[in-house]
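Please read each point alongside the coordinates.

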Amino acid sequence: MGVVRQVIVKVSDSCNLNCSYCYYYTEAMPSVKSRKKLSLEDVRTLLLNVVEQCQQFGLNEFSILFHGGEPLLPGIGYYREVFKLADELIPEWLQIKWAITTNGVLLSDEFLDLFQERHVSIGVSLDGPPKSQDRFRIFHSGKGSSDQVYGTLARVQNRGQGVGI
């Protein structure tokens, strides 16, 4: 069995979109809508486990990818607390490579500032040109999301920050 070098952290089960093809956030699973974000105590436990494993296997680098639902739903304060915990718990010899996959709707300048400061790689889920995006990646109201997502991508590009699609 190989050594784990990356973990995907499901920060939130909830989502601000209602994608037509979503296998998870559906009426068949109504409990998803009432679930909360990953607790900071669970984040603390995760970080301690990462440090322990890296010590055990001699790793000096580890990747943590925030995912969801929509991982930005818990808000900017949540991520400030996550990084504060990381500063307290991650030793200097261990480099964490942070990443996030988001639908892009909530990716504000405040988030972009924080992610740039913390060297977080950003990935935005996109279904193609606006027509496709608006057909499949819709809000709960039925409205398409391309205006918000393409606006976000333009802002990121104007800031000179990289983003994966």
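1. In this note Ala, Val, Leu, Ile, Met, Phe, Trp, Tyr, Cys and Pro count as nonpolar, Asp, Glu, Lys and Arg as charged, and the others, Gly among them, as polar. On that scheme, the lining of the second largest pocket has four nonpolar, two polar and four charged residues. A pocket is an open set of points on a 1 Å grid over the protein atoms alone, with protein on both sides within 12 Å along at least five of seven lines; a cavity is a set of points where a 1.4 Å probe fits but cannot get out, and lining residues have an atom within 4 Å of a point. Grid points are joined across faces, edges and corners, and a volume is the space filled by probe spheres set on the points.

2. The model is predicted: local features need pLDDT of at least 70, side-chain atom pairs count only at pLDDT 80 or more, and totals for chains, interfaces and linings use all residues. Residues are numbered from 1 along each chain as its sequence is written, and side-chain values use heavy atoms, with hydrogens and water left out.

3. The second largest pocket holds about 200 Å³ of space. Its lining consists of Ala86, Asp87, Ile90, Gln95, Ile96, Lys97, Trp98, Glu117, Arg118 and His119. Helices (H or I, at least four residues) and strands (E, at least two) are DSSP runs numbered from the N terminus.

4. The largest pocket has a volume of about 380 Å³. Of its 21 lining residues, Cys22, His67, Gly68, Gly69 and Arg137 are the closest to the centre. Strand 2 and strand 3 are the elements that give two or more residues to this lining. By class, nine of the lining residues are nonpolar, eight polar and four charged.

5. How many cavities of 30 Å³ or more does a search of the whole structure find? There is one, and the volume of this largest cavity is about 30 Å³. Val9, Val43, Leu46, Leu47, Ile64, Phe66, Val82 and Trp98 line it. The lining divides into eight nonpolar, no polar and no charged residues.

6. A nonpolar core is a set of buried Ala, Val, Leu, Ile, Met, Phe, Trp, Tyr and Cys residues joined through side-chain atoms within 4.5 Å; buried means under 20% relative accessible area, exposed over 50%, and partly exposed in between (1.4 Å probe, protein chains only). The largest such core has 41 residues, of which Leu47, Phe66, Tyr79, Trp98, Leu107 and Phe115 touch the most other members. Elements that each supply at least two residues to this core include strand 1 (6-12), helix 3 (109-117) and helix 5 (146-159). Helix 2 gives the most to this core, with eight residues.

7. The search finds nine aromatic pairs, where rings of Phe, Tyr and Trp (its six-membered ring) pair if their centres lie within 6.5 Å; planes under 30 degrees apart count as stacked, over 60 as edge-to-face and the rest as tilted. The rings of tyrosine 21 and phenylalanine 136 have centres 6.2 Å apart and planes at 50°, so this pair is tilted. Tyrosine 21 lies in the loop between strand 1 and helix 1 and phenylalanine 136 in helix 4 (residues 130-136), so the pair ties together parts 115 residues apart in sequence. Tyrosine 21 is partly exposed at 42% relative accessibility, and phenylalanine 136 is partly exposed at 25%.

8. Is the ring pair of tyrosine 79 and phenylalanine 115 edge-to-face or stacked? The centres are 6.0 Å apart and the planes at 85°, so the pair is edge-to-face. Tyrosine 79 lies in helix 2 and phenylalanine 115 in helix 3, so parts 36 residues apart in sequence are tied together. Tyrosine 79 is buried at 0% relative accessible area, and phenylalanine 115 is buried at 1% relative accessibility. Ring pairs link Phe66, Tyr78, Tyr79, Phe83, Trp98, Phe111 and Phe115 into a cluster.

9. Aspartate 127 lies in the loop between strand 4 and helix 4 and is partly exposed, with a relative accessible area of 24%. Leaving aside residues up to four places away in sequence, aspartate 127 touches Tyr21, Ser132, Gln133, Phe136 and Arg137 (contact means heavy atoms within 4.5 Å).
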